[in-house]
Amino acid sequence: MRITMIGSGYVGLVSGACFADFGHDVICVDKDEGKIAALKAGRMPIYEPGLDTLVASNVAAGRLTFTTDLTASVAGADAIFIAVGTPSRRGDGHADLSYVFAATEEIAAAVTGPTVVVTKSTVPVGTGDKVEAILREKRPEVDVQVVSNPEFLREGAAIGDFKRPDRIVIGTDDEGAKRVMRGVYRPLYLNESPILFVGRRTSELIKYAANAFLATKITFINEIADLCEAVGANVQDVSRGIGLDNRIGKKFLHAGPGYGGSCFPKDTLALLKTAEDFESPVHIVEAVVKVNDSRKRAMGRKVLHALGEGDPRGKTVALLGLTFKPNTDDMRDAPSIAIAQALLDAGVVVRAYDPEGMEPAQRMMPDLTYCHDAYEAAIGADAVVIVTEWDAFRALDLGKLKGAMAAPVLVDLRNVYRRDEVEGAGFAYTAVGR
Ligand code: UDX
């Protein structure tokens with residue numbers, strides 16, 4: 001099949017490369033000439049494990065191409081995916097749909113034959129209706145169906161998630177569009193990945209409900225972690241104790257510094273806006289957003305507390321891991337930002353290291369001292385804080401770390417160490433909910 005992918009960001013690029021790997025003929029489009037030039041030269045605009053080789057092999061096989069020319073790419077496509085960004089609109093938290101509608105207008109101007117336009121971007125309920133209205137108004141003579149097909153991939157595990165999804169959700173009532181979408185996902189269909197055909201509005205809501213539920217699960221265990229600290233219980237054992245109940249499930253019960261990233265913060269806010277617009281409040285998600293925001297600041301206070309009595313001014317803290325999670329260079333809404341700010345506000349000198357996120361971190365937080373590895377960051381530090389659980393921080397040489405530090409204090413916001421091993425190495429140890 002011929003697939004056009006409009007938007008070569010995280011979702012668009014990964015989806016495009018994976019569709020090509022399924023054997024489809026894929027054109028990835030982006031307005032950003034620099035990005036397209038880089039992709040043509042084999043350079044990835046994002047860090048995602050395995051993406052470079054997947055792109056290279058499909059480009060070599062002639063199934064994957066890149067262009068800035070949307071008009072030419074749309075002609076003759078069996079399916080046109082819209083995978084542009086839907087960031088939070090400044091000021092009100094609504095999803096900003098200007099890129100989606102701009103892409104729709106361009107598709108409307110260029111579309112030739114019968115085709116299916118698929119929104120893969122995370123879009124609020126009713127967006128598919130608006131996309132359809134634009135296409136019908138501009139090109140009443142062309143047979144176009146508008147389908148919702150949200151993407152559930154996680155950064156850092158994107159290719160695996162795309163190729164072995166828990167489910168594929170397709171929102172359309174049109175039989176022809178269903179046939180096209182079955183063709184698009186044929187290899188997964190054959191793999192017996194469940195495909196859910198639902199109404200378009202339902203499909204749009206499933207994506208928000210899924211992300212809000214996962215954000216709720218994380219926030220729940222984070223509050224239970226605080227309670228564990230208060231009562232002297234162990235949150236990791238609580239997670240296991242409840243997670244083994246199949247109705248609850250083990251995943252997304254790791255207590256930590258709060259969720260961040262490009263999806264949960266923006267999608268929970270957008271869901272609340274939809275709820276407000278339709279006067280059908282989702283109070284649980286309101287609480288989740290509030291609790292998660294205050295948690296990130298609370299983690300800054302936790303670190304200050306670990307520094308001990310006395311004025312923190314002039315002390316030094318090393319932050320290990322700045323991205324919102326490992327295996328990505330994404331800094332969006334990362335807890336490290338609020339933590340670093342709380343430390344800077346208290347007059348603390350902040351040294352920092354991240355395996356992949358240094359460039360964006362330096363742009364966002366110019367007041368930190370950036371180092372080449374964990375041990376350099378630890379030089380002269382009064383505390384080392386594990387903010388993001390990169391593998392490189394899971395087996396630190398504690399003796400070497402301690403040797404570099406001014407005071408042996410380890411704050412483990414991701415619970416990657418055992419208390420006895422850290423204390424055995426002569427550190428004061430602070431974890432989360434243990
Ligand atoms: C998420 C969804 O998982 C994915 O389905 C959707 O398509 C996009 O949003 P992503 O943002 O890439 O994916 O990251 P994810 O692995 O879900 O982690 C999100 C945040 O939650 C991170 O900050 C992570 O550290 C945090 N988290 C996750 C926890 O604190 N505890 C957990 O148990 C799980």
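What is the strand order of the open sheet of 6 strands, and is its pairing parallel or antiparallel? I looked this up first.

**Entry: basis**
I worked on a predicted model, in which local features need pLDDT of at least 70 and side-chain atom pairs count only at pLDDT 80 or more, whereas totals for chains, interfaces and linings use all residues. I number residues from 1 along each chain as its sequence is written.

**Entry: sheet**
I read the order as β11-β10-β9-β12-β13-β14, with parallel pairing. Strands are DSSP runs of E with at least two residues, and helices are runs of H or I with at least four, both numbered from the N terminus. Two strands pair if DSSP finds at least two bridges between them. I noted β11 (369–370) and β14 (428–430) as the edge strands, each pairing on one side only. I then examined β12 (residues 383–386) and β13 (residues 409–412), which run parallel and are joined by 3 bridges. Val385 has Val411 in β13 as its bridge partner.

**Entry: domains**
I took the bounds from an automatic or database domain assignment. They are domain 1 (2–198), domain 2 (208–290) and domain 3 (295–430). The centres of domain 1 and domain 3, over C-alpha atoms, are separated by 38 Å. I found 5 residues of domain 1 in contact with 7 residues of domain 3, contact being C-beta atoms, placed from the backbone, within 7 Å.

I also checked UniProt, where an unreviewed entry lists residues 318–419 as "domain: UDP-glucose/GDP-mannose dehydrogenase C-terminal". UniProt positions follow the numbering used here, feature names are shortened, and annotations may be inferred rather than shown by experiment. That span is 29% helix and 18% strand, and its end C-alpha atoms lie 19 Å apart.

**Entry: ligand shell**
I counted 19 residues around the ligand, of which Glu155, His254, Tyr259, Gly261 and Cys263 come nearest; a residue qualifies if its C-beta atom, placed from the backbone, lies within 6 Å. Domain 1 (2–198) and domain 2 (208–290) each supply at least three residues of this shell. Helix α10 (residues 200–231) gives the largest share, 3 residues.

**Entry: Cys263**
I located Cys263 in the loop between α11 (235–243) and α12 (264–277). The unreviewed UniProt entry annotates Cys263 as "active site". Is Cys263 buried or exposed? I recorded Cys263 as buried because it has 25 C-beta neighbours inside 10 Å; the scale sets buried at 20 or more other C-beta atoms within 10 Å, exposed at 12 or fewer, and partly exposed in between, with C-beta atoms placed from the backbone.

Terms used. Two residues are in contact if their C-beta atoms, placed from the backbone, lie within 7 Å.
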